[in-house]
Amino acid sequence: MRLQATGLEAGYGAVPALHGVSVSVEQGEIVAIVGRNGVGKTTLIKALMGLLPATSGSVRLGGNDVTRWPPSRRVRAGLRAVYQERAVFSELTVRDNLRLNGLDASAQADVLEMFPDSLIGRDQQRAGTLSGGEQKMLASGCALRAGASILVMDEPTEGLQPSNVDLLGKHLSQARDDGLGVILVEQHLALATSLATRFVVLEKGEVVASGHADEPDIHERIATHLVI
Ligand SMILES: Nc1ncnc2c1ncn2[C@@H]1O[C@H](COP(=O)(O)OP(=O)(O)OP(=O)(O)O)[C@@H](O)[C@H]1O
Ligand SMILES: [Mg+2]
């Protein structure tokens, strides 16, 4: 399955934030989306999921044009997200978050074991009272075990200590090798560089650079766009 956005435009009220963005990801690859604060990364994730309507352009998932599909229908078709804000159901317990993601008992245990120091023994705690980093780990774990074909992740390492960034990296590369396709919005360039097959750089709502990880000058080209 492939997720393909073509000429995507979306914004807030009359203010456009994406100006014709085209990105794609296949199962079995990780595509990193990088760019400075406010360039439209989160807007792109929301438009891919259908939380924000596309004012122009299209989103295709597998053989379907899903541009007008609501988020729930996209999720049923195999697309999942980890959002930058409000990544978990904060009023529910950790256990109920796991259940609500459709995970059976063994998958629930797997998620807790993905980040054992942070999540094991926390299942009766209200998810909103986990720390920011712990909420991100719970959301990433749920999304990784929910059986999606394509996952879009908006800064999943925000608030994670280095050892947990490394753990998430391991889980992501394993999931990619098992056939998951990932669009990864990531400020943590070392992680993006170690995982991604392709890079897309956004600036002011537009793709200003893109390339494959094995191009010799790719890291310099990315860095040029990220320096202030
Ligand atoms: N709810 C909103 N209402 C109005 N404007 C918004 C809203 N959310 C974002 N914007 C604007 O859209 C633009 C893109 O924001 P977006 O959140 O997509 O950036 P980002 O690349 O994810 O930034 P960050 O790295 O800080 O997460 C910014 O100019 C921002 O001010
Ligand atoms: Mg953002």
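Modeller: Helices (H or I, at least four residues) and strands (E, at least two) are DSSP runs, numbered from the N terminus. The model is predicted, so local features need pLDDT of at least 70 and side-chain atom pairs pLDDT 80 or more, while totals for chains, interfaces and linings use all residues. Residues are numbered from 1 along each chain as its sequence is written, and chains are lettered from A and ligands numbered from 1 in the order in which they are written.

Biologist: Thanks! Which element gives the largest share of the shell around ligand 1?

Modeller: Helix H1, with three residues. Strand S2 (15–26) and helix H1 (41–49) are the elements that give two or more residues to this shell. Among the residues around the ligand are Tyr12, Val15, Lys41, Thr42, Thr43 and Gln84; a residue counts as near if its C-beta atom, placed from the backbone, lies within 6 Å of the molecule.

Biologist: What makes up that shell by class?

Modeller: Seven polar residues, four nonpolar and one charged. Asp, Glu, Lys and Arg count as charged, Ala, Val, Leu, Ile, Met, Phe, Trp, Tyr, Cys and Pro as nonpolar, and the others, Gly among them, as polar.

Biologist: How do you know whether glutamate 155 is buried or exposed?

Modeller: Glutamate 155 has 22 C-beta neighbours inside 10 Å, so it counts as buried. Glutamate 155 sits in the loop between S7 and helix H7 (162–177), and its phi, near 50 degrees, is positive too.

Biologist: What is the largest nonpolar core made of?

Modeller: It has 66 residues, and Val31, Ala32 and Leu138 are among those with the most contacts inside it. Such a core is a set of buried Ala, Val, Leu, Ile, Met, Phe, Trp, Tyr and Cys residues joined through C-beta atoms within 7 Å. Helix H6 (residues 132–145) gives the most to this core, six residues.

Biologist: What order do the strands of the six-stranded open sheet have?

Modeller: The order is S6-S7-S8-S3-S9-S10, with mixed pairing; two strands pair if DSSP finds at least two bridges between them.

Biologist: Why do strand S6 (79–82) and strand S10 (206–212) stand at the edges?

Modeller: Each has a single partner strand, so one side of each is left without a neighbour in the sheet.

Biologist: In which sense do S3 and S9 pair?

Modeller: Strand S3 (residues 30–34) and strand S9 (residues 198–203) have four bridges and pair in the parallel sense. Alanine 32 stands opposite phenylalanine 199 in S9.

Biologist: How many bridges join S4 to S5?

Modeller: Two, with S4 (residues 56–61) and S5 running antiparallel. They belong to an open sheet of four strands, in the order S2-S1-S4-S5.

Notes. A residue is buried if 20 or more other C-beta atoms lie within 10 Å of its own, exposed if 12 or fewer, and partly exposed in between; C-beta atoms are placed from the backbone.
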